[in-house]
Amino acid sequence: MKISVITPVHPPSIPYLASAYESLCLQELPDGWTWEWLVQEDGRTGKVADALPADPRIRVATGRPGGPGVARNMAMARSDGALLRVLDADDQLTSGALAREIDALTNRADVSWTTSSVLDLMPDGSTVGWQHADPPGGKLRRTDVLGYFQQNNYRLPVHPATLCIRRELALALGGWMALPGGEDTGLLLAASVVADGFFIAEPGLLYRKHPDQITGQANWTEPSEWLPRMQLIEARALALGDLWKQL
């Protein structure tokens, strides 16, 4: 069995790929499991492949610039794992992260996606807990995530950068949304209204804080773009939830 790790890349994040790769190499998977790393550049600088070692588990591709959602979907198109795991180019997996996610999704037929706790990785190398309180570890039922999102000014109760999802579900939902940002929030919310998930209380990701990160730019929260993005994400989740009730 295989887990496909999906990583979109834009030029400012290329220097962090080596650390992401190191965190992948330190993962110990259950017997019979392997990982592949689908690294998809949003553009064609020709520098991504040079930043990575010769490892047959790494599959690098480039494409026309289209934003992170397009890059993630193009990586998914090349994947063949039973599970898809998000890993942004500037982040790192914690020890045991993939094994915990594989365990949750292979031993629980009643859940189709997982998220986990996060530690922020600061520029000085220190780590701090996520600024928002995590939910208790365990099952997340349909509407739990959407309800929180609607009641808390479009903020999520779990971190979308830790999503691990059954590939069939991601495909059925159309993958990541075609948005200039928040495409990972869109997929997480869509999955959360049609299938139960599972929250892993142990940290599964080091979320790097640095000046060039996309979510740290002023245009990320600029109201004229941010609000329509969030409203569309919400509307899609509501529509999917209504359709699910009719099945």
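The structure is a predicted model, so local features are reported only at pLDDT of at least 70 and side-chain atom pairs only at pLDDT 80 or more, while totals for chains, interfaces and linings use all residues. Residues are numbered from 1 along each chain as its sequence is written, and side-chain values use heavy atoms, with hydrogens and water left out.

Start with H4 itself, which covers residues 144-151. Helices here are DSSP runs of H or I with at least four residues, strands are runs of E with at least two, and both are numbered from the N terminus. H4 packs against helix H6 (residues 183-194) at an angle of about 130°, and the two axes are 7 Å apart. Axes are lines fitted to C-alpha atoms over the stretch in contact, and angles run from 0 to 180 degrees between N-to-C directions. The pair is therefore oblique; under 35 degrees would be roughly parallel, over 145 roughly antiparallel, and 65 to 115 roughly perpendicular, with the rest called oblique. On the H4 side, Val145, Leu146 and Phe149 meet Thr185, Leu189, Ser192 and Val193 of H6, where contact means heavy atoms within 4.5 Å.

Which residues of H4 are buried? They are Val145, Leu146, Gly147 and Phe149, with buried meaning under 20% relative accessible area, exposed over 50%, and partly exposed in between (1.4 Å probe, protein chains only). Their cover includes strand S6 (113-121), H6 and helix H7 (223-246).

Now for the flanking loops. Most residues other than glycine have a negative phi. Asn153 sits in the loop leading from H4 to strand S9 (164-166) and counts as exposed at 60%.

Finally, the core. A nonpolar core is a set of buried Ala, Val, Leu, Ile, Met, Phe, Trp, Tyr and Cys residues joined through side-chain atoms within 4.5 Å. The largest one has 35 residues, and Trp113, Phe149, Ile165, Leu169 and Leu189 touch the most other members.
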